[in-house]
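Let's take a walk through this model together, one part at a time. Keep the picture open while you read.

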Protein chains: 2
Amino acid sequence: MLSQSVEDYLKIIYKLENGGESATKVTTSLIAERMAVTAASATNMIKKLAEMNLLEYAPYRGVELTQTGKKIALETIRHHRLIELYLSEALGYPWDAVDAEAERLEHAISEEFEERIDKALGYPTVGAHGEPIPNKEGHIEEQIYPRLSDIEMGRRAVIRRVSDRDPEMLRYMDDMGLQLGTTIQVCDKAPFSGPIKLLVEADAEHLLGLEVAHNIFVDPLE
Amino acid sequence: MLSQSVEDYLKIIYKLENGGESATKVTTSLIAERMAVTAASATNMIKKLAEMNLLEYAPYRGVELTQTGKKIALETIRHHRLIELYLSEALGYPWDAVDAEAERLEHAISEEFEERIDKALGYPTVGAHGEPIPNKEGHIEEQIYPRLSDIEMGRRAVIRRVSDRDPEMLRYMDDMGLQLGTTIQVCDKAPFSGPIKLLVEADAEHLLGLEVAHNIFVDPLE
DNA sequence: ACTTTAATTTAGTCTTGACTAAATTAAAGT
DNA sequence: ACTTTAATTTAGTCAAGACTAAATTAAAGT
């Protein structure tokens, strides 16, 4: 059994490897920042993980998960996303609250528990914020959607995924009726990275700051 | 936030104080045995808990929870029993499996989670094995039921509580149709602590060893 | 190529909660 | 009352995973 800490590091490294657009190696300071520890602590753990063959480590150069490391990261991510969805669907949690709760629960559940909520949810493939859920074998279907901030004027699109990094932003989106599956239309884009004017469900109009629009991923319609 | 370990110690000490029939002080070795640690480790932790004013400690004499300690123990027990019941009711866990899963989850859930499952379960007062569930204020309604092993011949009774200490025994009970609410009748008691012949739901007959009968608590009918 | 800066690593410390081995205390038996 | 035994405590270690401060390395600028 791996420690909670090891699982968290692997999960975060996986996300850094796959989340970012660039293909650079994941650095110590990035890991430290996401784990909210000092760089020295991160270095320590990285060395330990390398020792355990969970990642390749070139001092000063960064880090790359091995197959084994990736597998464990994906198991943890699967737990996390299944729990999030369960909290949302079965217990009525708002989508801004599921991450924090799942963060602790993901390390405490058994395979049995995983299977039972997976079944209760009908074997879902997409999480509470639209993230793909890895399957039991550790396979993940990474969907690439354009950001709402990059959609051209006049275009309609369906919200498919949002970033779950900032709960407050999630609450803000929710307040404006922006949820998974919501159809929006880009009415107007102010120049110089200005706000976007949005028509939500052909109904309400909202001005959306670029930072928010940057964290919403959509499926453009025809 | 208290550590998982501290919560476990308090929980176990509470159960030792209240579970046993005798009113003796709880000893270091009892605690050590239940926590599956050495006596030296238990002594260490006891001193720490005394330092934190969670219990009164007289060296060589044993231990007694303070009000604060009791409160925390009961919160933990509440978590545990609510989770057990939720696993059983909402996720279909068999009653022999809920304890192990709840053991880990009880330390990972938030008050929010507690409230939501409490509500989903309809604010239950009795757990998956018939244990009373402490309320949010830390009040517990300890019901005293006689053991099935002490019921006189011929008498009918309803099963109200079982010990959850041994999962295998729970499975065995289940196999014989012995569940909470099951009505049984003591048909025959062999002498010299021999087995008990039982009529289950006026239907099936079973021979029950004394150890099992000792771990079943019943409500005798008129 | 040299210097400055920023990132990274090393060295040493701390806390938590376990352990073993040795010492001490209390209880029980004669 | 003395001795034996069983329980308990003390003393000293260990591993995990964090920290700070100091040293090192790589990258960037002149």
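Predicted model: local features only at pLDDT ≥ 70, side-chain atom pairs only at ≥ 80, totals over all residues.

Which helix gives the largest share of the surface near DNA strand C? That's α3(B), with four residues. In total, 18 residues sit around DNA strand C, and the nearest are T27(A), S29(A), A40(A), S3(B) and A40(B).

Now switch to DNA strand D. Here α1 (4-19) and α3 (39-51) of chain A, along with α2 (28-35) and α3 (39-51) of chain B, each provide at least two residues of the nearby surface. The most comes from α3(A), which gives four residues. DNA strand D is surrounded by 18 residues, with S3(A), A40(A), T27(B), S29(B) and A40(B) the closest.

What kinds of residues make up these surfaces?

| Region | Nonpolar | Polar | Charged |
|---|---|---|---|
| Surface near DNA strand C | nine residues | nine residues | no residues |
| Surface near DNA strand D | nine residues | nine residues | no residues |

Next, the place where the chains meet. Ten residues of chain A are in contact with ten residues of chain B. On chain A's side, α5 (98-105) and α6 (111-120) each supply at least two of the residues that touch chain B.

How do the two copies relate? Turn chain A by 180 degrees, with a shift of 0.0 Å along the axis, and it can be laid on chain B with an RMSD of 0.0 Å. The two copies are thus related as by a two-fold rotation axis. Both copies also use the same surface, since 100% of the contact residues of chain A recur in chain B.

Let's zoom in on a pair of helices. Two packed helices are described by the angle between their axes and the distance between the axes. In chain A, α1(A) packs against helix α4 (residues 67-91) at an angle of about 95 degrees, and their axes are 8 Å apart. Angles of 65 to 115 degrees count as roughly perpendicular, and α1(A) and α4(A) are therefore roughly perpendicular to each other. From α1(A), the residues E7(A), L10(A), K11(A), I13(A) and Y14(A) take part, and among those they meet in α4(A) are I72(A), A73(A) and I77(A).

Finally, the sheets. Strands of a sheet pair through backbone hydrogen bonds, either parallel or antiparallel. Which way do they pair in chain A? The pairing is antiparallel, in an open sheet of five strands ordered β6-β5-β4-β3-β7. At its edges lie β6 (204-208) and β7 (216-220) of chain A, each pairing on one side only. On average, neighbouring strands are turned by 40 degrees against each other, direction ignored. Strand β5 (residues 196-200) of chain A and β6(A) are joined by five bridges, and L199(A) has E205(A) as its bridge partner in β6(A).

Chain B has an open sheet of five strands too, in the order β6-β5-β4-β3-β7 and with antiparallel pairing. In chain B, strand β4 (residues 183-189) runs antiparallel to strand β5 (residues 196-200), and five bridges join them. I184(B) is partnered with V200(B) in β5(B).

Notes:
Residues numbered from 1 in each chain as written. Chains lettered and ligands numbered in written order. Pairing = 2+ DSSP bridges. Near = placed C-beta within 6 Å. Nonpolar A, V, L, I, M, F, W, Y, C, P; charged D, E, K, R; others polar. Contact = placed C-beta atoms within 7 Å. Axes fitted to C-alpha atoms, helices over the stretch in contact; angles between N-to-C directions. Parallel < 35°, antiparallel > 145°, perpendicular 65-115°, else oblique. Least-squares fit on C-alpha atoms with pLDDT ≥ 70 in both.
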